[in-house]
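Trainee: I would like a close look at one helix and its surroundings. Please keep it brisk.

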Amino acid sequence: MDVSGKVAIVTGAGSGIGAALAATLVAAHARVVLADIDSTAVREVADSLGAAAVAVAGDVSDEAVIRELIDRAEREFGPVDLYFANAGIFGGRGLDSAEAQWEAALDVNVLAHVRAARLLVPGWLERGGGYFVCTASAAGLLTQIGSAPYAVTKHAAVGFAEWLSVTYGDRGIA
């Protein structure tokens with residue numbers, strides 16, 4: 001896929017896979033809004049990538065933050081073409097995981113994707129296309145030993161991505 005000139009948002013971009021995704025996109029001449037809850041880390045990554053990257057700090061499970069990401073992308077670069085739902089958290093370990101740990105994992109690993117899609121898909125349908133990419137790790141297909149909330153929510157993230165593809169794929173959304 002040629003991403004040159006495309007506008008992307010990458011969540012969880014303060015380190016790891018998200019930072020690597022952002023760097024790869026910028027190297028391929030895309031313009032990128034990076035998001036992470038760690039404000040220092042995400043700013044450092046964006047600064048290292050130059051003028052084609054800007055940082056927004058915040059909790060990407062919060063719809064207001066997702067709106068801010070989209071608004072910033074549109075102001076700085078234009079309409080969003082690609083959304084990389086990469087942010088993720090483990091939550092707890094197993095059956096002893098607290099309710100709050102399950103809720104946080106569901107919020108970041110699944111509902112953040114739903115919230116972003118609600119905001120982006122209508123514009124993509126109008127423009128004839130867009131890409132929603134979920135980082136679900138192997139846990140989304142297999143399991144994650146040692147973290148039930150992570151394994152369960154990553155399975156759900158894969159299910160949501162498949163639903164988006166089946167529902168909107170023939171209308172240009174991948």
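Trainee: How do α4 and α5 lie relative to each other, roughly parallel or roughly antiparallel?

Mentor: This is a predicted model: local features need pLDDT of at least 70, side-chain atom pairs count only at pLDDT 80 or more, and totals for chains, interfaces and linings use all residues. Residues are numbered from 1 along each chain as its sequence is written, and side-chain values use heavy atoms, with hydrogens and water left out.

Start with the pair you asked about. Helix α4 covers residues 99-127 and helix α5 covers residues 148-168. (Helices are DSSP runs of H or I, at least four residues; strands are E, at least two; both are numbered from the N terminus.) Their axes are 8 Å apart and meet at an angle of about 15°. (Axes are lines fitted to C-alpha atoms, for helices over the stretch in contact; angles run from 0 to 180 degrees between N-to-C directions.) α4 and α5 are therefore roughly parallel. (That means under 35 degrees; over 145 is roughly antiparallel, 65 to 115 roughly perpendicular, the rest oblique.) The crossing of α4 and α5 is right-handed: the near helix is turned clockwise from the far one by less than a right angle.

From α4, the contact (heavy atoms within 4.5 Å) draws on W102, A105, L106, N109, V110, H113, V114, A117, V121 and L125. From α5 come residues including P149, Y150, F160, L164 and Y168. By class, this contact has 17 nonpolar, three polar and one charged residue. (Ala, Val, Leu, Ile, Met, Phe, Trp, Tyr, Cys and Pro are nonpolar; Asp, Glu, Lys and Arg are charged; the others, Gly among them, are polar.)

α4 has another partner. Helix α3 (residues 63-76) packs on α4 at about 45°, with the axes 10 Å apart. That makes α3 oblique to α4. The crossing of α3 and α4 is right-handed. E63, I66, R67 and I70 of α3 touch A112, R115, A116, L119 and L120 of α4. Six of these contact residues are nonpolar, none is polar and three are charged.

The structure holds one cavity of 30 Å³ or more. (On a 1 Å grid over the protein atoms alone, a 1.4 Å probe fits at a cavity's points but cannot get out; lining residues have an atom within 4 Å of a point. Points join across faces, edges and corners, and the volume is the space filled by probe spheres set on them.) Its lining is T11, V60, Y83, A85, N86, A87, V108, A112, H113 and A116. Strand β4 (82-85) and α4 are the elements giving two or more residues to that lining. α4 gives the largest share, four residues. The cavity lining has seven nonpolar, three polar and no charged residues.

Notes: On a 1 Å grid over the protein atoms alone, a cavity is a set of points where a 1.4 Å probe fits but cannot get out, and a pocket is an open set with protein on both sides within 12 Å along at least five of seven lines; lining residues have an atom within 4 Å of a point.
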